[in-house]
Amino acid sequence: MFNRFRQPDIDLDELKIVPNLLLSSPHELRLPLTWIGILYGRIRAELAATSGVHGPEDVIKLLLVGADVTMLCSTLLRNGISHLRLIEGGVQEWMEEHEYESVHEMQGSLSQIRCSDPETFERAQYTRAVKGLQHVVMTGGEAWRVLNGE
Ligand SMILES: Cc1cc2nc3c(=O)[nH]c(=O)nc-3n(C[C@H](O)[C@H](O)[C@H](O)COP(=O)(O)O)c2cc1C
């Protein structure tokens, strides 16, 4: 979850469909994060995460919501194969800091089924999220006025 679908573009001069492979960005992690979190413990299948895994924190998050494995491609094209060492080291460091002895211990501990606030995975949370966003926008606006002496 989820392989990225092919998304060709249109060349407006040639009027034809052209391949346009874009590398992923970290925010794409949210889709597999949400659905693996929801499905963990509810279906009898192992869950493999892909899309938007760029650093150790992404691997950690996916394991916490219940991924069995995480996969990556774009970041290796950008940073080279040695980036894997950085990711592995970052995950190990985090596990030591948080006193996890095994990946198995982490797996699914923040999934919806185990989460103390399961609603955070669902659509009902949109209103609350948007209200939070408005607060950020207003706070940003206030900061702008202060900066500009208004
Ligand atoms: C250069 C490149 C080639 C890819 N080739 C394939 C492919 O042949 N088959 C496939 O199912 N997915 C392919 N993918 C998609 C990846 O398997 C993966 O789903 C996607 O890149 C998302 O992960 P990422 O965020 O780590 O890039 C390719 C991705 C890239 C960037």
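A residue counts as buried if 20 or more other C-beta atoms lie within 10 Å of its own, as exposed if 12 or fewer do, and as partly exposed in between, with C-beta atoms placed from the backbone. By this count, buried residues make up 21% of the 150 residues in the chain. This is a predicted model: local features need pLDDT of at least 70, side-chain atom pairs count only at pLDDT 80 or more, and totals for chains, interfaces and linings use all residues. Numbering starts from 1 along each chain as its sequence is written.

**View 1. Elements of the chain.** The chain holds 6 helices and 4 strands. Both are DSSP runs, numbered from the N terminus: helices are H or I with at least four residues, strands are E with at least two. Their order from the N terminus is β-β-α-β-α-β-α-α-α-α.

**View 2. Helix H1 and its buried side.** Pro-32, Leu-33, Ile-36 and Gly-37 are the buried residues of H1. They cover an arc of only 125° around the axis, so they sit on the same side of H1. The arc is taken over the directions from the helix axis to the C-beta atoms. An α-helix has 3.6 residues a turn, so residues three or four places apart point the same way. The buried residues of H1 pack against strand E3 (48–49) and helix H2 (56–65). Gly-41 follows H1 and has a positive phi, near 80°.

**View 3. The largest nonpolar core.** This core has 17 residues. A nonpolar core is a set of buried Ala, Val, Leu, Ile, Met, Phe, Trp, Tyr and Cys residues joined through C-beta atoms within 7 Å. Ile-36, Leu-62, Val-65 and Ala-67 have the most contacts inside the core. H1, H2 and helix H4 (83–97) each supply at least two of its residues. H2 gives the largest share, 5 residues. Leaving aside residues up to four places away in sequence, Ile-36 touches Met-1, Leu-47, Ala-49, Leu-62, Val-65, Gly-66 and Ala-67. Contact means C-beta atoms, placed from the backbone, within 7 Å.

**View 4. Around the ligand.** Of the 14 residues around the ligand, Asn-3, Ser-24, Leu-72, Cys-73 and Ser-74 come nearest. A residue is near a molecule if its C-beta atom, placed from the backbone, lies within 6 Å of it.

**View 5. Leu-22 in its loop.** Leu-22 lies in the loop between strand E2 (16–18) and helix H1 (30–39). Leu-22 is exposed, because it has 9 other C-beta atoms within 10 Å. The C-alpha atoms of Leu-22 and Ser-74 are separated by 8.7 Å, although the two residues are 52 residues apart along the chain.

Methods
Contact = placed C-beta atoms within 7 Å.
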